[in-house]
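Hi everyone, thanks for coming. Please have a look at the chain on the screen, and then we'll walk through it together.

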Amino acid sequence: MKRIEAVIKPFKLDEVREALSAIGVNGLTVTEVKGFGRQKGHTELYRGAEYVVDFLPKIKVELILTEAMVEPAIDAIIKSAHTGKIGDGKIFVTNVEQVIRIRTGETGESAI
């Protein structure tokens, strides 16, 4: 099993969710996060004063998948989150040792 974490632009969330649903992803977790990479932030003007905004709002989408679903999910995220502009985000894939469904006690792939 694998864990996919994708950090994307907030306005792309619905497209990513729909793309993942279309390939059969049953569940995911979404968190509002802030950060920066090469984008570095930007300046804003508020009441005549200029402020530097270092951390930009992003969305982190997390999902646990079987090995067979990883590549289709990555492709779906890339196609739906891509704008071609700086700050499109990143995808991280890590191994998952164990999954346990609290309600039923199921473990492994049946708990996903």
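Let me start with a question: does E62 count as buried, partly exposed or exposed? E62 counts as buried, at 15% relative accessibility. Buried here means under 20% relative accessible area, exposed means over 50%, and partly exposed is in between, using a 1.4 Å probe and protein chains only.

A quick word on the source: this is a predicted model, where local features need pLDDT of at least 70, side-chain atom pairs count only at pLDDT 80 or more, and totals for chains, interfaces and linings use all residues. Residues are numbered from 1 along each chain as its sequence is written, and side-chain values use heavy atoms, leaving out hydrogens and water.

Back to E62, whose side chain meets that of R3 in a salt bridge, at 2.1 Å from N to O. By salt bridge I mean a side-chain nitrogen of Lys or Arg within 4 Å of a carboxyl oxygen of Asp or Glu. E62 sits in strand β5 and R3 in strand β1, so this pair ties together parts 59 residues apart in sequence. Strands (E, at least two residues) and helices (H or I, at least four) are DSSP runs, numbered from the N terminus.

R3 is partly exposed, at 31%, and also forms a salt bridge with E5, at 3.8 Å. E5 is buried, at 17%. E5 in turn pairs with K60, with the closest N and O atoms 3.4 Å apart, and K60 is partly exposed, at 23%. Put together, R3, E5, K60 and E62 form a network of salt bridges.
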